[in-house]
Each structure stands twice: as C-alpha cells, then as structure tokens.
Amino acid sequence: MGGDQGKLTGPDLAAGIDEGALAPDGTLLGHAAGEAVLLVRRGGDVLAVGATCTHYGGPLAEGALEGDTVRCPWHHACFDLRTGTAVRGPALNALACYDVARGGGRIRVGARKPDAKAPAPAGAPRSIAVIGAGAAGDSAAATLRREGYAGDLHVFGADAAPPVDRPNLSKDYLAGTAPEEWLPLRSETFFADNRIELQLGARVAGLDVAGRKLKLDGGREVAWDALLLATGAEPVRLTGPGADLPHVLTLRTLADSRAIIAKAKDAKRAVVVGASFIGMEAAASLRARGLEVDVVAPDAQPFAKVLGPEVGAFLRGVHEAKGVRFHLGQTVAAIEPRAVTLSGGGRLEADLVVVGIGVRPALGLAEAAGLTIDRGVVVDAHLQTSAPGVFAAGDIARYPYGKAGTRVRIEHWAVAQRMGRVAALNMIGRRTPFAQAPFFWSVHYDVQLNYVGHAEGWDRADVHGSLDARDATIAYRRGAETLAVATIGRDRVSLDAELALERGDEAALQAFGRTI
Ligand SMILES: Cc1cc2nc3c(=O)[nH]c(=O)nc-3n(C[C@H](O)[C@H](O)[C@H](O)COP(=O)(O)OP(=O)(O)OC[C@H]3O[C@@H](n4cnc5c(N)ncnc54)[C@H](O)[C@@H]3O)c2cc1C
Ligand code: FES
C-alpha cells in the first residue's frame with residue numbers, strides 16, 4: 001500500500017474551480033476545510049465526498065466509479081456518493097458528504113452535510129435477533145440502524161470480545177505491529193448509542209423457528225420476528241498424539257491470537273501446520289517476532305489449491321527469503337512438548353505449534369432447527385434460509401452465485417460483511433439480491449495479493465507481468481470462462497476485474513492475464 005493520506009493535494013475546492021476542470025463523469029481530487037475531498041460529476045450533478053477510504057485510508061481518487069458509487073482500490077470497499085454510506089465492506093463507516101454550490105461557471109465545495117438519516121422502513125419486523133457478533137452479524141446490526149430500523153435489535157456473540165478486525169489477528173496484531181486498541185470494529189459506545197443490545201459471552205443453544213424464539217446457554221429465551229444466523233466457522237483441530245498439548249494452538253478469535261502472542265514471548269521455535277492463508281500469515285507474523293518458523297503441510301506448494309503452483313512457488317520464495325523453512329508433502333505424526341515428528345520421519349524442535357488446517361462452518365444451531373443444509377446453510381439470492389424470516393450470512397451461508405446460480409460458500413471477511421448488510425436490507429423489506437463478486441486480500445511481508453471472483457475447479461492460470469517484480473495479474477480460467485483474477489501490485493486491475501466479473505463481461509476479462 002502506498003500514498004500519503006496526510007498530505008492535501010489538488011485545488012482548494014472551497015475557493016472553487018471552473019466547471020470545465022471537471023470532465024463529464026470525471027473525478028477531481030482536491031481539498032476543503034483541511035480535508036481531502038473527491039469531486040465527482042454524475043450526469044447533471046456534481047457530488048463531493050471525503051477522498052480517503054474509511055477502512056485503512058485508501059485513496060478513493062485512484063478507485064473506480066460505478067453508477068453512483070466509488071470503490072476503493074485497496075480492499076474494494078464501496079461508498080454511495082450521494083449519502084456517503086459504506087455499501088460494501090470492509091469499510092464500516094460512511095464518507096463525509098459536502099454541499100456543492102454552482103454558479104457563474106464555478107463549482108465550490110461548502111460545509112460538511114449532516115449524516116444522512118434514513119426514514120424508518122415501513123412494515124419492518126418488530127424485533128430482530130442476530131446470532132453471531134463477527135463480520136456478518138456486526139455489519140447486519142449496523143446496517144439495520146443506519147437504514148432507519150427502529151425496532152428491538154439483539155446481537156448475541158459467544159465470544160467474550162466485542163466484534164474485532166479478525167483478519168488482523170493473523171497479520172499486524174500477531175506480528176506486534178498493531179496495538180490491541182486497533183482491533184475493535186466499533187467504538188465502546190457504538191452499540192449503546194445505536195440501541196443495539198449486544199450480549200457478549202452469550203452462546204445461543206437452541207432455535208425454535210416455528211415459535212420464533214431462541215434459547216441462550218443458561219436457559220433464557222428471547223423472542224424475535226426476524227433472525228440472522230451468522231455463526232461463522234470453527235478451526236479444524238489436529239488429532240493424533242500430542243494434539244491436545246497446551247502449546248498446540250489454533251487461530252480464530254482474539255483470545256486465540258492473544259494466546260499465541262503469550263506463548264511466542266518465551267518461544268524460540270514455532271511449527272506452523274498448514275500452508276494456506278492463515279497458516280502462512282501466522283508464519284510471517286511469528287518471523288516478525290523473531291521466532292524460527294517451520295511450516296509443515298501435505299501440499300506440494302503453499303497456496304497451490306487456490307492460487308496455482310506458479311503463485312504458490314513465488315509466495316514460498318517470499319517466505320523462504322524471510323527465513324521460513326518448508327516441509328511439504330507430509331503431515332504431523334506426533335507432537336511432544338518440545339518437538340514435532342513428521343510423517344516422513346523428520347523431527348523439528350518446537351515450543352509453539354500453530355495449526356491452520358482450515359475451518360468448518362458452525363452449522364449446529366441451523367441443523368438442529370431443521371433448516372435446509374448442504375455443506376452450509378442453504379439460502380436464496382436474498383439470503384433467506386428455508387424458513388421464512390430466517391436469514392443466514394457469512395462463512396455458514398451457501399448462496400447462488402454467478403450466471404449459473406451454482407451455490408457456493410465463501411470464507412472471506414468482506415464477503416461476510418457484505419452479506420450481513422444485504423441480509424439486513426432484506427429483513428426490512430428492501431428486496432436486494434446478493435450479487436457481488438467475492439473479494440479477499442492477503443498480506444505476506446511486503447506482498448499484498450488481491451483476489452476477485454471464485455474459482456472452484458479452474459483448469460488454467462494465465463499469468464501476465466512479473467511475480468518477481470511484484471507486478472502481476474493471474475487469471476483463473478475454466479475453458480473459455482474467466483472465474484477469478486488475482487493481482488499483485490495492480491490494484492486498479494483488480495477493481496476493473498471485479499466490475500467485469502459483475503457485469504459478466506468476458507471480453508474484458510479475457511484481456512486480463514494473457515499468457516506472455
Ligand atoms: C486469523 C484470521 C485471518 C483472516 N484473514 C482474512 C483475510 O485477510 N481476508 C479475508 O477475506 N478473510 C480472512 N479471514 C476469514 C474471515 O475472518 C471470515 O471469513 C469472517 O470472519 C466470516 O465472518 P462471519 O460473520 O461469518 O463469522 P465470524 O466473523 O467468525 O463471526 C461468527 C461469530 O459467531 C459467534 N457464534 C458462533 N456460534 C454462536 C452461537 N451459538 N451463539 C452465539 N454466537 C455464536 C462467534 O463467537 C463469532 O463471534 C480470516 C480469518 C481468521 C480467523
Ligand atoms: S483501505 Fe479502502 S477498502 Fe481498505
């Protein structure tokens with residue numbers, strides 16, 4: 001990531017610019033009252049919004065316009081230019097919107113507008129319950145209030161921690177470069193200020209769909225008129241000798257990340273089991289803490305299943321250059337307090353073992369409640385389950401995707417947030433299909449990979465550019481169809497690929513990642 005968000009560039013928009021300086025459907029970066037402001041011409045209107053993404057500060061002037069929205073080039077958040085609302089995660093908060101005055105051939109940016117307040121939706125359910133205080137649950141609750149929902153709103157989270165920036169748990173926070181204060185998604189008073197009854201450490205133990213009530217651990221019952229299930233996923237645990245030793249840890253929650261950090265303080269050597277995203281991000285973070293790191297996985301290359309052997313080999317090299325050692329094509333046979341024995345017979349010293357071998361969706365409640373399940377909670381295009389009024393979002397939901405409507409279940413942070421928002425809109429009667437190209441990003445030292453689309457069963461990965469130069473596009477194809485596009489160092493290509501995937505524009509997609 002780059003950019004100097006602290007520095008104001010471009011004209012002083014409060015002083016004004018000539019109308020001719022803003023092209024039809026063009027954008028112009030300037031500033032007003034000490035803030036970076038993006039001016040956008042849409043048809044006959046000129047709109048002014050904050051130019052800095054509310055997620056991690058991405059430069060929206062380098063983003064993409066689509067209809068009345070702008071998308072951030074860094075992690076593809078999307079904002080409504082008329083209201084500032086973050087309509088797609090990972091951004092949580094709205095952009096500032098400014099008054100625009102026009103006359104005498106000049107455009108001037110005026111005062112910041114008050115935050116848009118949506119009118120209460122007519123015919124909304126009297127009470128809504130959200131089970132799960134993670135990406136999807138948090139986003140759904142916040143959306144309901146932003147969209148004017150005025151009824152009772154309960155959010156139950158089994159974790160003791162409030163909703164946190166989960167992707168950070170394996171990245172900067174685990175590496176020791178982000179303080180814990182950065183992790184909560186919301187301010188301390190957000191939930192109370194928005195009349196959201198957030199109950200933490202509150203596990204829902206049962207769900208009565210016909211009677212429209214849920215039961216908490218401990219027996220308390222809560223009635224609801226509409227419900228969102230957003231229980232996420234649980235890490236798959238190792239089995240076998242020593243798998244339950246106290247220095248063998250998985251990583252899903254803030255408590256998990258804290259436990260790894262606590263053990264890492266006295267540890268010298270870590271073995272990471274699993275060479276996909278969480279395992280490899282944990283490996284990078286533990287290297288940053290100065291531990292010796294060995295990675296054990298059955299794969300031939302890290303990430304190969306998702307990203308292909310070429311990108312896998314490149315990322316392996318990136319990790320090896322930082323001192324990570326790989327033991328591939330094998331698994332863990334046994335763990336002792338200070339060593340790990342591999343299936344190939346090798347033995348690695350380890351005073352910390354981090355297990356990242358995948359997750360299983362947390363389906364227990366949905367199954368027991370009799371909802372239709374197919375390796376996930378089956379939902380329709382509006383994210384409604386087989387029970388009317390009961391919605392599901394995030395890692396547990398299997399939804400119809402793409403032209404063919406094949407059901408997929410996706411485990412990405414921003415997708416869960418976006419599903420939470422769309423489920424919330426549908427719960428209050430704003431019929432909105434979930435029709436977005438999945439997006440995730442992953443960070444390995446100074447390499448950020450962006451990935452749009454969903455490629456189960458691709459047969460070709462066309463690489464354009466240079467992986468070594470960290471300037472590449474990789475298009476995952478099946479036959480003549482482009483299923484997904486990954487980029488390194490090409491943020492704008494990633495956004496354009498997202499737009500092309502969502503428009504079904506295969507001609508544009510064919511231009512990405514031609515083999516050279
Ligand atoms: C360490 C880590 C790093 C990641 N990095 C990335 C990344 O870089 N990019 C990316 O796209 N994705 C990343 N992911 C994946 C991403 O975090 C998930 O896809 C996302 O959190 C899913 O959101 P969710 O709302 O479905 O579930 P979660 O965020 O897991 O939330 C589920 C919540 O439900 C609660 N819950 C479960 N059962 C119950 C119950 N019975 N009663 C009450 N509450 C319950 C849980 O306590 C939890 O709070 C990462 C995941 C991890 C663990
Ligand atoms: S900085 Fe804009 S989406 Fe992350």
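Trainee: Are helix 1 and helix 9 roughly parallel or oblique to each other?

Mentor: This is a predicted model, by the way. In general, you describe two packed helices by the angle between their axes and the distance between those axes. Here, helix 1 (residues 135-146) and helix 9 (residues 413-427) pack at about 40°, with axes 7 Å apart. Helix 1 and helix 9 are therefore oblique to each other. Helix 1 passes helix 9 in a right-handed crossing.

Trainee: Which residues make the contact?

Mentor: From helix 1, they include Ala 135, Ser 139 and Leu 144; from helix 9, Trp 413, Gly 420 and Arg 421 are among them. The contact residues split into nine nonpolar, four polar and one charged.

Trainee: Next, helix 5. How many of its residues are buried?

Mentor: Nine of the twelve, so helix 5 is largely enclosed by the rest of the structure. Among the buried ones are Phe 277, Met 280, Glu 281 and Leu 286.

Trainee: Is Arg 375 buried or exposed?

Mentor: Exposed, with a relative accessible area of 56%. Phe 303, on the other hand, is buried at 2%.

Trainee: And where is Pro 90 found?

Mentor: In the loop between strand 8 (86-88) and strand 9 (97-103). The peptide bond from Gly 89 to Pro 90 is cis, with omega near 10°.

Methods. Residues are numbered from 1 along each chain as its sequence is written. Chains are lettered from A and ligands numbered from 1 in the order in which they are written. This is a predicted model: local features need pLDDT of at least 70, side-chain atom pairs count only at pLDDT 80 or more; totals for chains, interfaces and linings use all residues. Side-chain values use heavy atoms; hydrogens and water are left out. Axes are lines fitted to C-alpha atoms, for helices over the stretch in contact, and angles run from 0 to 180 degrees between N-to-C directions. Helices (H or I, at least four residues) and strands (E, at least two) are DSSP runs, numbered from the N terminus. Angles under 35 degrees count as roughly parallel, over 145 as roughly antiparallel, 65 to 115 as roughly perpendicular and the rest as oblique. A crossing is left-handed if the near helix is turned anticlockwise from the far one by less than a right angle, and right-handed if clockwise. Contact means heavy atoms within 4.5 Å. Ala, Val, Leu, Ile, Met, Phe, Trp, Tyr, Cys and Pro count as nonpolar, Asp, Glu, Lys and Arg as charged, and the others, Gly among them, as polar. Buried means under 20% relative accessible area, exposed over 50%, partly exposed in between (1.4 Å probe, protein chains only).
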